[in-house]
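Me: Please take a close look at one part of this model, the open sheet and the loops beside it, and explain it with the cut-offs behind each term.

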Amino acid sequence: MRTKAPAVAMLFVIGVACSSSNDTTTPQPSPTETASSDTTLVTQNSRFVPSELTISAGQEIQVQNKDTDREHNFSITSASIEKDIEGGENEDVDTSELATGTYDFFCKYHQSQGMTGKLTVQ
Ligand SMILES: [Cu+2]
(Lines give C-alpha, C1' and ligand atoms only; values in the text may rest on other atoms or scores of the structure.)
Protein backbone atom coordinates (compact mmCIF):
# COMPACT_ATOMS: atom_id res chain seq x y z
CA MET A 1 0.00 0.00 0.00
CA ARG A 2 2.66 2.45 1.02
CA THR A 3 4.87 1.77 -2.00
CA LYS A 4 2.10 1.89 -4.60
CA ALA A 5 0.59 5.26 -3.81
CA PRO A 6 3.39 7.49 -5.13
CA ALA A 7 3.53 5.66 -8.47
CA VAL A 8 -0.20 6.08 -9.00
CA ALA A 9 0.00 9.75 -8.11
CA MET A 10 2.85 10.21 -10.59
CA LEU A 11 0.86 8.67 -13.47
CA PHE A 12 -2.07 10.88 -12.65
CA VAL A 13 0.10 14.02 -12.80
CA ILE A 14 1.55 13.03 -16.18
CA GLY A 15 -1.91 12.33 -17.57
CA VAL A 16 -3.24 15.71 -16.48
CA ALA A 17 -0.23 17.54 -17.87
CA CYS A 18 -0.65 15.92 -21.29
CA SER A 19 -4.36 16.57 -21.64
CA SER A 20 -4.16 20.18 -20.51
CA SER A 21 -1.39 21.02 -22.96
CA ASN A 22 -3.49 19.53 -25.77
CA ASP A 23 -6.40 21.76 -24.85
CA THR A 24 -4.38 24.95 -25.06
CA THR A 25 -2.72 24.19 -28.42
CA THR A 26 -5.87 23.21 -30.29
CA PRO A 27 -8.67 25.78 -30.11
CA GLN A 28 -11.97 23.99 -30.51
CA PRO A 29 -14.29 25.53 -33.10
CA SER A 30 -17.94 25.16 -32.34
CA PRO A 31 -19.14 21.99 -34.14
CA THR A 32 -22.00 23.74 -35.91
CA GLU A 33 -19.76 26.38 -37.45
CA THR A 34 -17.55 24.34 -39.74
CA ALA A 35 -16.94 27.25 -42.13
CA SER A 36 -16.49 29.83 -39.41
CA SER A 37 -12.99 30.84 -40.51
CA ASP A 38 -14.43 32.25 -43.75
CA THR A 39 -16.87 34.47 -41.92
CA THR A 40 -14.71 35.57 -39.02
CA LEU A 41 -13.40 39.06 -38.73
CA VAL A 42 -10.82 39.89 -36.09
CA THR A 43 -10.22 43.31 -34.63
CA GLN A 44 -6.67 43.72 -33.42
CA ASN A 45 -4.56 46.81 -32.77
CA SER A 46 -7.54 48.86 -34.00
CA ARG A 47 -7.53 47.18 -37.40
CA PHE A 48 -9.89 44.75 -39.08
CA VAL A 49 -8.23 41.48 -40.06
CA PRO A 50 -8.78 40.74 -42.85
CA SER A 51 -9.72 44.19 -44.08
CA GLU A 52 -11.55 42.62 -47.01
CA LEU A 53 -13.91 39.75 -46.37
CA THR A 54 -16.03 37.80 -48.83
CA ILE A 55 -19.05 35.81 -47.73
CA SER A 56 -21.92 34.06 -49.46
CA ALA A 57 -25.39 35.60 -49.42
CA GLY A 58 -27.27 34.50 -46.33
CA GLN A 59 -24.20 34.06 -44.13
CA GLU A 60 -23.61 35.80 -40.85
CA ILE A 61 -20.22 36.94 -39.71
CA GLN A 62 -18.59 36.90 -36.33
CA VAL A 63 -16.40 39.73 -35.11
CA GLN A 64 -13.76 38.72 -32.56
CA ASN A 65 -12.30 41.64 -30.67
CA LYS A 66 -8.74 40.70 -29.72
CA ASP A 67 -8.10 44.13 -28.24
CA THR A 68 -8.93 43.36 -24.63
CA ASP A 69 -8.38 46.97 -23.59
CA ARG A 70 -10.84 48.68 -25.90
CA GLU A 71 -14.27 48.39 -27.40
CA HIS A 72 -14.72 48.20 -31.15
CA ASN A 73 -17.69 48.43 -33.44
CA PHE A 74 -18.80 47.02 -36.76
CA SER A 75 -20.98 49.29 -38.86
CA ILE A 76 -22.36 49.24 -42.38
CA THR A 77 -24.28 52.48 -42.76
CA SER A 78 -26.14 51.56 -45.95
CA ALA A 79 -27.44 48.36 -44.36
CA SER A 80 -28.26 49.89 -40.96
CA ILE A 81 -25.86 47.48 -39.28
CA GLU A 82 -24.19 48.73 -36.12
CA LYS A 83 -22.74 46.40 -33.52
CA ASP A 84 -20.45 47.08 -30.58
CA ILE A 85 -17.91 44.46 -29.56
CA GLU A 86 -16.51 44.76 -26.04
CA GLY A 87 -12.79 44.21 -25.52
CA GLY A 88 -11.94 40.52 -25.71
CA GLU A 89 -15.47 39.52 -26.72
CA ASN A 90 -16.97 37.90 -29.83
CA GLU A 91 -20.18 39.12 -31.42
CA ASP A 92 -22.26 37.64 -34.22
CA VAL A 93 -23.35 40.24 -36.75
CA ASP A 94 -26.44 39.48 -38.79
CA THR A 95 -25.35 40.02 -42.37
CA SER A 96 -27.70 37.34 -43.68
CA GLU A 97 -30.13 39.86 -45.20
CA LEU A 98 -27.52 41.65 -47.28
CA ALA A 99 -28.01 41.60 -51.04
CA THR A 100 -25.04 40.64 -53.16
CA GLY A 101 -22.60 43.49 -53.58
CA THR A 102 -19.78 45.25 -51.83
CA TYR A 103 -20.21 47.12 -48.57
CA ASP A 104 -17.86 49.45 -46.74
CA PHE A 105 -17.69 48.70 -43.03
CA PHE A 106 -15.97 50.55 -40.24
CA CYS A 107 -15.54 50.89 -36.51
CA LYS A 108 -17.37 54.03 -35.49
CA TYR A 109 -14.88 54.66 -32.67
CA HIS A 110 -11.72 54.35 -34.75
CA GLN A 111 -12.86 55.14 -38.27
CA SER A 112 -10.73 58.28 -38.31
CA GLN A 113 -7.71 56.08 -37.54
CA GLY A 114 -8.35 53.99 -40.62
CA MET A 115 -10.30 51.17 -38.99
CA THR A 116 -12.30 50.35 -42.09
CA GLY A 117 -12.80 47.46 -44.47
CA LYS A 118 -14.82 45.98 -47.28
CA LEU A 119 -17.37 43.19 -47.14
CA THR A 120 -18.29 41.45 -50.38
CA VAL A 121 -21.46 39.37 -50.49
CA GLN A 122 -21.57 37.01 -53.43
CU1 LIG B 1 -12.45 50.31 -33.05
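Reply: What follows starts with the model as a whole and then turns to the sheet, its loops and the core.

This is a predicted model, in which local features need pLDDT of at least 70 and side-chain atom pairs count only at pLDDT 80 or more, while totals for chains, interfaces and linings use all residues. Residues are numbered from 1 along each chain as its sequence is written.

The protein has 122 residues, of which 16% are buried; a residue is buried if 20 or more other C-beta atoms lie within 10 Å of its own, exposed if 12 or fewer, and partly exposed in between, with C-beta atoms placed from the backbone.

The open sheet has four strands in the order β2-β1-β4-β7, with mixed pairing, where two strands pair if DSSP finds at least two bridges between them. Because β2 and β7 (90–93) stand at the edges with a single partner strand each, one side of each is left without a neighbour in the sheet. Neighbouring strands of this sheet are turned by 25° against each other on average, direction ignored, with the axes being lines fitted to C-alpha atoms, for helices over the stretch in contact, and angles running from 0 to 180 degrees between N-to-C directions. β4 and β7 run antiparallel and are joined by four bridges, and Gln64 stands opposite Asn90 in β7.

The loop between β1 (40–44) and β2 holds Asn45 and also Ser46. Most residues other than glycine have a negative phi, and most peptide bonds are trans. Asn45, although not a glycine, has a positive phi of about 50°, and Ser46, also not a glycine, has a positive phi of about 55°. Asn45 counts as exposed because it has 9 C-beta neighbours inside 10 Å, whereas Ser46, with 14 other C-beta atoms within 10 Å, is partly exposed.

Met115 lies in the loop between β8 (101–106) and β9 and counts as buried because it has 21 C-beta neighbours inside 10 Å. Leaving aside neighbours within four places in sequence, Met115 is in contact with Ser46, Arg47, Phe48, Phe106, Cys107 and His110, two residues being in contact if their C-beta atoms, placed from the backbone, lie within 7 Å. The C-alpha atoms of Met115 and Ser51 are separated by 8.7 Å, although these residues are 64 apart along the chain.

The largest nonpolar core has 14 residues, and those with the most contacts inside it are Leu41, Leu53, Ile61, Val63, Phe74, Val93 and Leu119; such a core is a set of buried Ala, Val, Leu, Ile, Met, Phe, Trp, Tyr and Cys residues joined through C-beta atoms within 7 Å. At least two residues of this core come from each of β4 (61–65) and β9 (116–121). Leu41, again leaving aside neighbours within four places in sequence, is in contact with Phe48, Leu53, Ile61 and Val63.
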